[in-house]
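Hi everyone, thanks for coming. Today I'd like to walk you through one structure, so please have a look at it with me.

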Amino acid sequence: MLPHTPSETPPANLNALAEDHYFGANPPPKDLEKHVALAKDFIDFHSAAGRRLVLVTSGGTTVPLEKQTVRFIDNFSAGTRGATSAEYFLEAGYAVLFLHRQFSLLPFSRHYSHATDCFLDFLREGSNGSVVARDEDAAKMLHVLRKYREARDKNMLLALPFVSISDYLHELRSIARLMRPLGPNGLLYLAAAVSDFFVPPDRMSEHKIQSTNAADPLPTKSNSPLNEPETFDNFDSSPAVPRSKRLVVDLDPVPKFLKNLVEGWSPEGMIASFKLETDPTILVHKARYSLDRYQHHLVIGNLLSTRKWEVVFVSPGNPDQWIRVPFKDGGAVKKDEPVDPKSLPEGEPEVEIESLIIPAVEELHTKYIKSVEERKGIKN
Ligand code: PMT
């Protein structure tokens, strides 16, 4: 059994201090004000209509190594979970605020973007020099186009991009606060792959980190580097390379702001977070631990290797609920245990697992709204 120590949760005032410190030290993205204005209009519009609204976060967050960023650390997430979930939330009648990593997958266009499905492969030249969908793709494309247009025309979808971890956290905090008027009709569905580590600005180089000392000292007529050979220009990381010539990256932990989100930024909305692991033996424990620690409403656990085939719902007062797409030999899988990746068929599942996840989230959201209304003494 793994240690279970929710008492490690910092007291509320320490969370507030960590928040002030982080947001004071890490500048907001330059488009924050513009995004906040767009998000406010969108949220107010749907709040006035009494509609459910979900904030879907999606894609990876970068960790810049330089202020004028040339290099950054990134993670694997393509935004498939977020973009696909957004479509099923729209299908379920939710307005969707889609906070996504710039250039990651977007709802609807995801069917025709990124390298495996280049959009040009779906097109051909028609008569009179027009561009038309290939016959075999036209029906699906028309369906996707109609869904997309409907979402846009009815103002049901707003997509806002972020890039770095600090952009993401600034955007998340501002938007979550704006969602308060929605009360329990607001849902936060946190599918972005959020970095756990970052370089704090006071230790971040302003300019591109140099791999040679050719710029040091700055050239004058007398010491021009053109007069000397470069003293370092190789990528050999053998022990013979001195530390001064390596790039040693020293990262601080990113504060976990889920507690602040639950207690401060969005105290009435339902919060569903994702938990990603690679080790199947710790997934459920870590998901339950996260729920106990942050006291929110749902943790959806998934494993990197099987995330398109199964997830596990961990929520207060309920037994763990595994959700799986059907597959050949799926009947042999133990109901309450992660599937063995080796038993899965090759390639992608025929059913998108988000088509099963979203109705299950919606059901929990309905229960959540009822429980908040009952607590407030509102009878329907
Ligand atoms: O985009 P895809 O390729 O489809 O992949 C989808 C996914 C695997 C990324 C998605 O399903 C998923 O699991 N997203 C969450 C990944 C993640 O950040 O997991 P985590 O275990 O590191 O974090 C758990 C929770 O803590 C997350 O809700 C996160 O928002 C939160 N967190 C994480 C780091 C951090 N510094 N602060 C946080 O609050």
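This is a predicted model: local features need pLDDT of at least 70, side-chain atom pairs count only at pLDDT 80 or more; totals for chains, interfaces and linings use all residues.

Let's start with the ligand. How many residues surround the ligand? There are 24 of them, and the closest are Ser77, Gly79, Arg81, Lys275 and Asn302. If we sort this shell by class, we get 13 nonpolar residues, six polar ones and five charged ones.

Now, which parts of the fold do these neighbours come from? Helix H3, which runs over residues 80–91, supplies at least two residues of the shell, and so does strand S11, residues 270–277. Which element gives the most to the shell? That is S11, with four residues.

Let's zoom in on the backbone around the ligand's oxygen atoms. At Ala78, a backbone N or O atom sits 3.3 Å from an oxygen atom of the ligand. Thr80 also has a backbone N or O atom by a ligand oxygen, and here the distance is 3.4 Å. For Val194, a polar backbone atom is 3.2 Å from an oxygen atom of the ligand. And how much of the ligand does the protein cover? On its own, the ligand has 770 Å² of accessible area, and the protein covers 94% of that.

Next, let's move to the surface. Here Ile73, Leu247 and Val249 form a nonpolar patch, and together they have about 230 Å² of accessible area. One of these residues, Ile73, belongs to strand S3, residues 72–73. The cut-offs are under 20% for buried and over 50% for exposed.

Finally, the backbone angles. As a reminder, most residues other than glycine have a negative phi. With that in mind, take a look at Phe108, whose phi is positive, near 70°. You'll find Phe108 in the loop between strand S4 (95–101) and strand S5 (123–125). Phe108 counts as buried because its relative accessibility is 6%.

Gln295 is another residue with a positive phi, near 55°. This residue is in the loop that lies between helix H7 (283–294) and strand S12 (298–303).

Note on methods
Residues are numbered from 1 along each chain as its sequence is written. Side-chain values use heavy atoms; hydrogens and water are left out. A residue is near a molecule or strand if one of its heavy atoms lies within 4 Å of it. A polar contact is a pair of N or O atoms within 3.5 Å; within protein, one must be able to donate a hydrogen and the other to accept it, and residues adjacent in sequence count only if both atoms are side-chain atoms. Accessible areas come from the Shrake-Rupley method with a 1.4 Å probe; for residues, only the protein chains shown count as cover. Ala, Val, Leu, Ile, Met, Phe, Trp, Tyr, Cys and Pro count as nonpolar, Asp, Glu, Lys and Arg as charged, and the others, Gly among them, as polar. Patches are made of residues with over 30% relative accessible area and no salt bridge: like charges are joined within 9 Å, nonpolar side chains (Val, Leu, Ile, Met, Phe, Trp, Tyr) within 5 Å. A salt bridge is a side-chain nitrogen of Lys or Arg within 4 Å of a carboxyl oxygen of Asp or Glu. Buried means under 20% relative accessible area, exposed over 50%, partly exposed in between (1.4 Å probe, protein chains only).
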